[in-house]
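Thanks for coming, everyone. I'll go through it in short steps.

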Amino acid sequence: MWVLFSLLSAVFLTMKDVSLKQSTSRLSAIQSTAVMLLILCPICLSCIFILEKVNYDVDLVIMMFSAATLDAAAMTFYLLALRNGSLAKVIPLLCFVPVFQLVLNFVFYNEVPSLFGFIGIISAIFFIFYGESLNLISIIKDKAVNSMICVVLLWSLSSIIHKDGSGQIGAVNWTAHICLVMFLYYLPFLLRIRASTISLSDFSSLIVPALAHLLTLLTFYQAASIGNVAFVSSLRRFSTVFSILIGWYKYNETVTKRLCISIFGLIVSALTITLFG
């Protein structure tokens, strides 16, 4: 089942990427994030009241605020990366997430991947470098790439917490709590938005990205609660393939031969992890 939820998370993440890319909102990245979380508040509050009551303790609350802190920062960096760079440039960088997670899984859970699982993750990273031809100098100079690398680091850390949290209280309950805590962080920025600077189109253009964000989190947390986080994240990187193809078809982004080979390599790597990891 974790394979299915991982792939669904990839689909919803792609939906979020594309809808954010074509959003007409004139708000800043932080303000847009605040509005998206505001849109999700009624849904999250309903889930908390309808679902089984959560028994809060100090450890659980610390986990919630720790994970929400990391994800709140990542959400803004993610939007900055999409606004400053093409889908084909920044989305493939997310394939670095499983590498960091492998190390963290070994440290915190003593989860050691099989040889094929490890090969699948390493090969995915290789094909990203091959397709993008990134080097250290270009990474340092590129604002969009820097933003997405920040996302990678933050998500690698938070995913470990999400595995524990969603395992304790359920994926839906955990998702609702995380989104609400993130909203609290962004509330001051929301209150500073002047009514004259936001229009109905600014708000409505963020509804689909907000819902896609909620669904990609929900399916990811469910998958992470029952499977190895590194493998779940690797399959979730199918969103890279989906986003690049949509960027080529919808936004006329350049897709080179090297990038096509990279996409094929990513598919093979993900299948290796799924079948033999």
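Phenylalanine 242 sits in helix α13, residues 238–251. Helices here are DSSP runs of H or I with at least four residues, strands are runs of E with at least two, and both are numbered from the N terminus. This is a predicted model, where local features need pLDDT of at least 70, side-chain atom pairs count only at pLDDT 80 or more, and totals for chains, interfaces and linings use all residues. Residues are numbered from 1 along each chain as its sequence is written, and side-chain values use heavy atoms, with hydrogens and water left out.

Buried means under 20% relative accessible area, exposed means over 50%, and partly exposed is in between, with a 1.4 Å probe and protein chains only.

Which residues does phenylalanine 242 contact, leaving aside neighbours within four places in sequence? Ala10, Val11 and Thr14. Contact means heavy atoms within 4.5 Å. Now look across to serine 46. Phenylalanine 242 and serine 46 are 196 residues apart in sequence, and 32 Å apart in space, C-alpha to C-alpha.

Next, leucine 27. Leucine 27 lies in the loop between α1 (2–21) and α2 (29–50). Leucine 27 counts as buried, because its relative accessibility is 4%.

Now the core. A nonpolar core is a set of buried Ala, Val, Leu, Ile, Met, Phe, Trp, Tyr and Cys residues joined through side-chain atoms within 4.5 Å. The largest one has 73 residues, and Tyr78, Leu94, Met148 and Trp174 touch the most other members. Helix α3, residues 58–84, gives this core its largest share, 13 residues. Take leucine 94. Beyond four places in sequence, its contacts include Leu13, Tyr78, Met148 and Arg237.

Finally, the whole chain. How many helices and strands does the protein chain have? It has 14 helices and zero strands. Of its 277 residues, 52% count as buried. Among contacts with a separation of 6 or more, 90% join residues 24 or more positions apart. The C-alpha atoms fill a box of roughly 45 × 40 × 30 Å along the principal axes.
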